Amino acid sequence: MVSTETKTVSIAPLVLLSVVDHYERIVRSSESSIISSNKRVVGVILGSNVDNTIRISNSFAIPYEEDETNSDIWFLDHNYIDSMMEMFKKINAKEKLIGWYHSGPKLKQNDLKINEVFKTFTPNPLLLIVDVNSTDKIDIPTDCYMAIEEIKEDGSANEKTFLHYPSIIEAEEAEEIGVEHLLRDIRDENRGNLTISLSNNFKSLKSLNERISNIVKYLCKLITGELPINSTILGKLQDIFNLLPNISQITDIQSGNPNQVDALIYSHEKKLATAFNIKTNDELMIMYVSSLVRSIIAFHDLIDNKIENRKKNADSTTAESEESSDDKVATTEGEPSSTVPSTEKGSASKK
């Protein structure tokens with residue numbers, strides 16, 4: 001039985017590119033695209049499993065065929081996996097076989113049977129589902145699962161099921177550079193930074209609206225009794241609500257005076273506006289103080305630079321004056337005296 005402790009799966013962008021390339025080569029290149037619309041591809045994922053983090057760093061495709069009408073009929077080449085693993089060991093021995101992937105988009109009936117086959121290569125294989133046809137531009141198109149034995153409370157036989165693990169896309173420095181170059185080719189160069197920022201904000205708000213709508217639909221189904229109450233999900237929702245701003249609630253009024261209700265609503269909206277204004281003013285004050293400190297530091301550096309330049313100019317002027325005085329002294333000492341020879345001639349004539 002696999003331990004149910006919380007683990008996080010870190011996926012390298014290279015793995016996603018490999019899965020998409022595998023899908024494009026096998027499924028999209030087929031002649032009858034309508035027949036192969038439900039077809040999926042399967043491969044092996046490589047990486048490491050250390051502590052509470054599972055790192056998926058590489059992958060390779062494997063031959064796989066299945067009957068679209070009968071999920072119990074499928075074929076997986078074991079010998080191909082053995083030969084590929086022997087070659088990968090020669091390249092990078094640190095990368096171990098940790099599981100398998102398929103192009104989904106969701107779990108299928110024969111996934112547990114395929115997972116049992118991969119247990120011959122690793123004790124606890126990880127299943128990575130990559131939705132290659134995802135239309136969600138915000139959320140990552142990956143889901144990770146690991147098979148566990150579910151214990152029945154009524155004492156019946158245990159059943160195997162998949163446990164979902166959270167996943168993130170995490171790139172190393174070299175991979176980040178490669179992804180940036182790819183995005184640079186995809187993006188429109190005529191779009192400015194402001195346009196890109198507004199587009200990203202719009203996509204984020206659109207995705208947030210979809211998730212809030214899903215939460216509302218779930219709570220409505222709980223109220224009507226269509227779905228059973230799940231304390232874990234409700235606890236997560238309560239944590240989300242606790243992160244919202246602390247807004248005072250409007251008290252119920254028994255008298256039902258509309259003027260009084262309007263006054264309370266106005267007071268409530270005024271408190272909310274005041275809270276947002278205080279928060280905004282605090283942030284603007286931080287920006288103002290930061291700009292002021294940065295300007296003072298720049299002005300101080302300018303003054304120091306001026307003082308240093310003035311000292312250098314004064315030192316250079318002093319050195320030039322000293323050199324000129326030394327040259328004058330040397331010139332005076334080098335010239336012969338004209339008075340001494342004339343005196344000697346005069347004395348000779350007297351004699």
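Before you start, keep in mind that the model is predicted.

**Stop 1: a pair along one helix**

A search of the whole structure turns up 7 salt bridges, and we will visit some of them. Begin by selecting helix H1, residues 13-28. Show the side chains of Asp 21 and Arg 25, which meet in a salt bridge with 2.9 Å from N to O. Why do these two sit about one helical turn apart? Because they are 4 residues apart in H1.

**Stop 2: a buried pair**

Next, select Arg 40 and Asp 111. Their closest N and O atoms are 2.9 Å apart, and the two residues form a salt bridge. Asp 111 belongs to helix H3 (residues 111-118), while Arg 40 lies in the loop between H1 and strand E2 (42-50), so this pair ties together parts that are 71 residues apart in sequence. Are these residues buried or exposed? Both Asp 111 and Arg 40 are buried, so hide the surface to see them, since buried here means under 20% relative accessible area.

Arg 40, Glu 66 and Asp 111 are linked in a network of salt bridges.

**Stop 3: from helix H3 to strand E9**

The side chains of Lys 160 and Glu 116 meet in a salt bridge, with 2.7 Å from N to O. This pair links distant parts of the chain: Lys 160 is in strand E9 (residues 159-165) and Glu 116 is in helix H3, 44 residues apart. Bring the surface back for this one. Lys 160 is partly exposed, with a relative accessible area of 36%, and Glu 116 counts as partly exposed too, at 33%.

**Stop 4: the second largest pocket**

For the last stop, select Asp 136, Asp 139, Asp 143, Glu 210, Arg 211, Asn 214 and Ile 233, which line the second largest pocket. The volume of this pocket is about 430 Å³. Which element gives the largest share of the lining? Helix H5 (residues 193-224) does, with 3 residues.

How values were computed
Residues are numbered from 1 along each chain as its sequence is written. This is a predicted model: local features need pLDDT of at least 70, side-chain atom pairs count only at pLDDT 80 or more; totals for chains, interfaces and linings use all residues. Side-chain values use heavy atoms; hydrogens and water are left out. A salt bridge is a side-chain nitrogen of Lys or Arg within 4 Å of a carboxyl oxygen of Asp or Glu. Buried means under 20% relative accessible area, exposed over 50%, partly exposed in between (1.4 Å probe, protein chains only). On a 1 Å grid over the protein atoms alone, a cavity is a set of points where a 1.4 Å probe fits but cannot get out, and a pocket is an open set with protein on both sides within 12 Å along at least five of seven lines; lining residues have an atom within 4 Å of a point. Grid points are joined across faces, edges and corners, and a volume is the space filled by probe spheres set on the points.
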